[in-house]
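Hi,

Here is the structure I promised to pass on. Have a look, and my notes on what turned up are below.

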Amino acid sequence: MGLKTLLFKPRWQHKDPAVRAREVARSEDPRLLNALSEIARSDADPDVRLAACRRVTHLDTLFAIASMDSAPAVSDYAWRQVRHQLETLADDGNATAHLEILGQLSDDQMLEQLARKAQSTVVRGAAQERISREGLLGDLAIKDPDPTLRMRAAGRVSSESTLRRIADGVRKTDKKLFRSVTDRLEALRVAAGDTEIVTDRAIALCQALEHLATGEESREKRAAELNRIKQSFQGLSRDSKLPPDLLARFESAATIAEATLSDPKDDPLAPLRAELKAFVSRSQQVLRGRELEPVQALLRSFPDLEEKLQANAPELREQLSEQLDLLTDKRQHLLAEARPDPALMKLCEQAEKPGRRGVKPDFVTDLRGRWQRAASTPLSPVNQELKKRFDLALEQLSSRQAEAAARRQQAAEALTGHLAALEKALDGGDLKQAAAALQRAQQSLNEAGKQHPDAGTLTQLRGKLQEMRQWQRWSNDEVRQRLVEHASAIPGSGMHPDAVAARVMELRGRWKELDASERLAGDPPNRPVSPRLFREFQAACEAAFEPARQFFEKRAEVQNKHLDELNELCEGLAAITPSGDNWDEISRAVGQARGSLRRLSEVPHKYRAGLAQRLRAEADRLDEALKGQYEIVERRKRKIIEEVTALIDEPDTAKAVEAAKAAQQRWKAAGRLRRGLDQKLWKEYRAAADQIFSRLDDQRQQAQAERQASRAQLQELIKEAQQLEPASDGFNAARDQLHQRWREAGGGDRKLQQQFSELIEKAEADHRHHQTHLASRQRQVLRDLEQRCHEAEQAFLAGSADASVVEAGDLDLSHAPGLSDRLGQLDPELKDLNPEQLDAHLTQLQELCIRAEFLAGTESPEPFHEQRMSYQVKRLAERMTGETRQTLREEADELEALWLGSGPLPPGEESNETRTRMLAALAELDAQRP
């Protein structure tokens, strides 16, 4: 650091605080930028500290300034910056690093602001931990974007009303938090001995136990669930007195559930379970290997174990079946990896050919001989498996051959009886019985073989039957002709499309009956008996039905649409599972299902019965669940009515209103009933609640009158503030009295407070301006007096006999005792002063002039540069020794007092120049005074 740097400090280190403040606010000097933190903490002037603080960005420094600075303007600004930086921190290392600062905050309002608005989850969570106001914790549990913080905020709430508000706020947005809060509410009510909630929970446990008794879960899960339910119920029955019917219901359900379970210590199936476990263990080991024989061995042992399980523990077969599927897949995979003999594979496939029925007697013997010729010895494992498949296929073929031979024998015996029945029917002229007997005889002949000796007899009898049918056809054709006429008469009859369809269906049915009575066994099934008449009949039916076709197509389209809607409704109803938070949905669904039963006529007829059954089943299922819920809701609402009715006699209106509001929230959360009962209970509740809230209205009107009176008082104080006299001597006392009366009046709203503060601030500014003006006038009067004193001294020194004496008059010279002494020493004898004394006075004035010029920051004439340099070095030495420094105002006042008291000066130009310099320096100091 050079001498120039030591002697000429930068302007941001100027002794004048105003100069320092301006430079600190705008200078880009690197030394200043490095020193900003220190200036903001330790500069003597608050304006300088504020200017430095505005350029500081480090959070730790801002927090230190906010905590320690005594100036309200500096401290408030630093606090605002601390809050802003904490609010805008991102979720990174910076947020975690500044948690220590957050832990030192004691301003509840700032902590609540951070808990609400901070962008960082870490900051919001840390601020939330410092908050104790449950109302705000409830708001955070509802509105915070982070689910973990919402859960933590709700966990710190203990007020039942706040917990209910949280439950209402997160009912549809955070199911996990909603369940947690509702569980806590129930726990609080249970702990408080609320018989309603205890009964509700006991009913829910009974329902769970009844479901458990018929559930399909594993034995272990059901046993664990049974134990949990029994423990929960014992806790309820121990803490509260439950109704006897509820206790009996639980005991009955528990007995049924325990009957479905068995004690593992007395389990007779333990050996089978161990054997199954060993089989599964071996299976898992084998499945990890790649050898076929262990898999085959396990599969060979499978039938024995399956037989044991089937006889004693069929419920364990599922595990065994799973292992069988895995082993079978493994065997197939290993077999696929091996390469069987192609010739043997072809023979096996011929034996296993699907759909093979009748085979020649020597077919099995031929296949077996071909296998023996093609097989090499010994067989590989894969060919051994193939051999087993081949032998099994041959056994099945042999079995089918034997069964076919037996069926042929039975058919041959039956054929004889059918032929006898056919002859009898022909002799009696019964065409229908003869046709049925012919059909049965033909079937028997087909099974017995067409080479049967009675095949010719059947042919002769068929000829006789055809002759009889010809005679029958002539008779039936007359009936057919009438059917054609009836169908032709339908168009133009004005019948409804449904009647047309029914009439055409009836005619077609009668036509089919005629054809069936004439059709014989062996006739083509779809060929009409009388083709010409049938064509006429078909054309007549089509012509009759054509006008109604469009009607039926449109109706079918509408019915199919309604069918889809009802099917979708049934699927939606089936998907609804009764739970703790969807009773409104269930109620609407039941009403929709009941109403849909009246729309079944809008769907195709064949689907109506099935849809009706599904809708009734789903409606009954959901309605059954609603009955229990309605009982719970009715009890809750009747209890709320009792509580609100009791609040009518509560003397504390605020307490009664708060309890009524909480009851109203509970009423909303209690759920809905059937419409008529719900409206009845609501009217009872409103009748009691209105009496409570009417008391609150009276109190509000009284409070409103008090606020109006207070506002009028504050407005009077504002008028008095407008009449303050800044120039009066009693200004400070009057201002302080107004402040005291304002505080006693309650402070008022923000607008009145701002108006009052602005008036006081303006009056104080005018008062300061007045005081500054008075001080300036006082200095000017003293300087004028000093000028006259100087002129008188010069006249006396020049020997002027008529020099007038200068008097101070009523002027207060207590702040300028030196000037008073000079005035007292004005005498013609001054001409006799020693010249050395006059020169000493001039030297003293020149020193004062150098000090004033240095303090004002103005240049000194060149002859005095060395003297000024010496003075600067002296001041630097004093500063380095740590001596206490005066302010600019104090030092300027001191210099002016010394100048006013300086003695007479020797006549001459040098004295005049020195005085001129002194006056100029003092004028510059006047401009720099704060």
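This is a predicted model: local features need pLDDT of at least 70, side-chain atom pairs count only at pLDDT 80 or more; totals for chains, interfaces and linings use all residues.

The patch sits on the surface and gathers Arg54, Arg80, Arg83, Arg116, Lys117 and Lys143. I picked out Arg83, which is found in helix H6. Its relative accessible area is 33%, so Arg83 counts as partly exposed: that class runs between the 20% limit for buried and the 50% limit for exposed.

Glu836, Asp839, Glu909, Glu910 and Glu913 come together on the surface as a negative patch. Which helices supply at least two residues each to the negative patch? Those are helix H35 (835-856) and helix H38 (909-928), and H38 gives the most, with three residues. Glu909 has its place in helix H38. Because its relative accessibility is 54%, Glu909 counts as exposed, the cut-off for that being over 50%.

As for the overall picture, the protein has 38 helices and zero strands. Of its 930 residues, 37% are buried. If you take the contacts between residues at least 6 apart in sequence, 68% of them join residues at least 24 apart. The protein exposes about 54,900 Å², and 50% of that is supplied by carbon and sulfur atoms.

Cheers

Terms used:
Residues are numbered from 1 along each chain as its sequence is written. Side-chain values use heavy atoms; hydrogens and water are left out. Patches are made of residues with over 30% relative accessible area and no salt bridge: like charges are joined within 9 Å, nonpolar side chains (Val, Leu, Ile, Met, Phe, Trp, Tyr) within 5 Å. Accessible areas come from the Shrake-Rupley method with a 1.4 Å probe; for residues, only the protein chains shown count as cover. A salt bridge is a side-chain nitrogen of Lys or Arg within 4 Å of a carboxyl oxygen of Asp or Glu. Lys and Arg count as positive and Asp and Glu as negative; His and the chain ends are not counted. The place of a charge is taken as NZ of Lys, CZ of Arg, CG of Asp or CD of Glu. Helices (H or I, at least four residues) and strands (E, at least two) are DSSP runs, numbered from the N terminus. Buried means under 20% relative accessible area, exposed over 50%, partly exposed in between (1.4 Å probe, protein chains only). Contact means heavy atoms within 4.5 Å.
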